[in-house]
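Open your viewer and keep the selection tool at hand. We will go from one stop to the next, with a note on what to find at each.

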Amino acid sequence: MPVEIISISIALERTYLSYFRVALALAFLGVYIAQLFRLQHTEHPDPVFGFFVLGKPLSCICTGAALCVSLLGAYRFWRQQNAMMRGKVFGGGWEVLATFAIVLAVRDLIVV
């Protein structure tokens, strides 16, 4: 294989690994939230709104967002690889904006 193809392929793999890194960070955040919010259990927790009640839904949202980001990264890798075979490269795209929107949505759910 020519050096140009190898360097582009390696850059493509780095891009997928960056998506996977974001997905892992979201998954770890979900585990952290689940464990931390369960540890903050008082004798008489608020059954409607409190750390103990909100721990599971927030951790599930983070884990679901991690799965979505990982699938978006795999789709982008597949799309870029097919474009490289045709001699083209896509810059940006809806995958980048979708990942950004997912991370911001998770952040807003946790902060608010």
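The tour below starts with a helix and then visits aromatic rings and salt bridges.

This is a predicted model, in which local features need pLDDT of at least 70 and side-chain atom pairs count only at pLDDT 80 or more, while totals for chains, interfaces and linings use all residues. Residues are numbered from 1 along each chain as its sequence is written, and side-chain values use heavy atoms, leaving out hydrogens and water.

**Stop 1: helix α2.** Select residues 51-85, which make up helix α2. Helices here are DSSP runs of H or I with at least four residues, numbered from the N terminus. Its 35 residues should span 51 Å at 1.5 Å a residue, and the end C-alpha atoms are 50 Å apart, which agrees; the expected span is 1.5 Å times one less than the number of residues. After α2 comes Gly87, with a positive phi near 90°.

**Stop 2: Gln80.** Stay in helix α2 and pick Gln80. Gln80 counts as buried at 7% relative accessibility (buried is under 20% relative accessible area, exposed over 50%, partly exposed in between, with a 1.4 Å probe and protein chains only). Which residues does Gln80 contact, leaving aside its neighbours within four places in sequence? Show Leu12, Val89 and Phe90; contact means heavy atoms within 4.5 Å.

**Stop 3: aromatic rings.** Rings of Phe, Tyr and Trp (its six-membered ring) pair if their centres lie within 6.5 Å, and planes under 30 degrees apart count as stacked, over 60 as edge-to-face and the rest as tilted. The count comes to 4 aromatic pairs. Tyr75 and Trp78 are a tilted pair, because their centres are 5.7 Å apart and their planes at 40°. Both lie in helix α2, 3 residues apart, about one turn of the helix. Then select Tyr16, Phe20 and Phe77, which form one aromatic cluster.

**Stop 4: salt bridges.** A salt bridge needs a side-chain nitrogen of Lys or Arg within 4 Å of a carboxyl oxygen of Asp or Glu, and there are 3. Glu95 and Arg76 meet at 3.2 Å, N to O. Glu95 lies in helix α3 and Arg76 in helix α2, so the pair ties together parts that are 19 residues apart in sequence. Both residues are buried. Arg79 also bridges to Glu95, with the closest N and O atoms 2.7 Å apart. Finish with Arg107 and Asp108, whose closest N and O atoms are 3.0 Å apart.

Terms used:
Helices (H or I, at least four residues) and strands (E, at least two) are DSSP runs, numbered from the N terminus.
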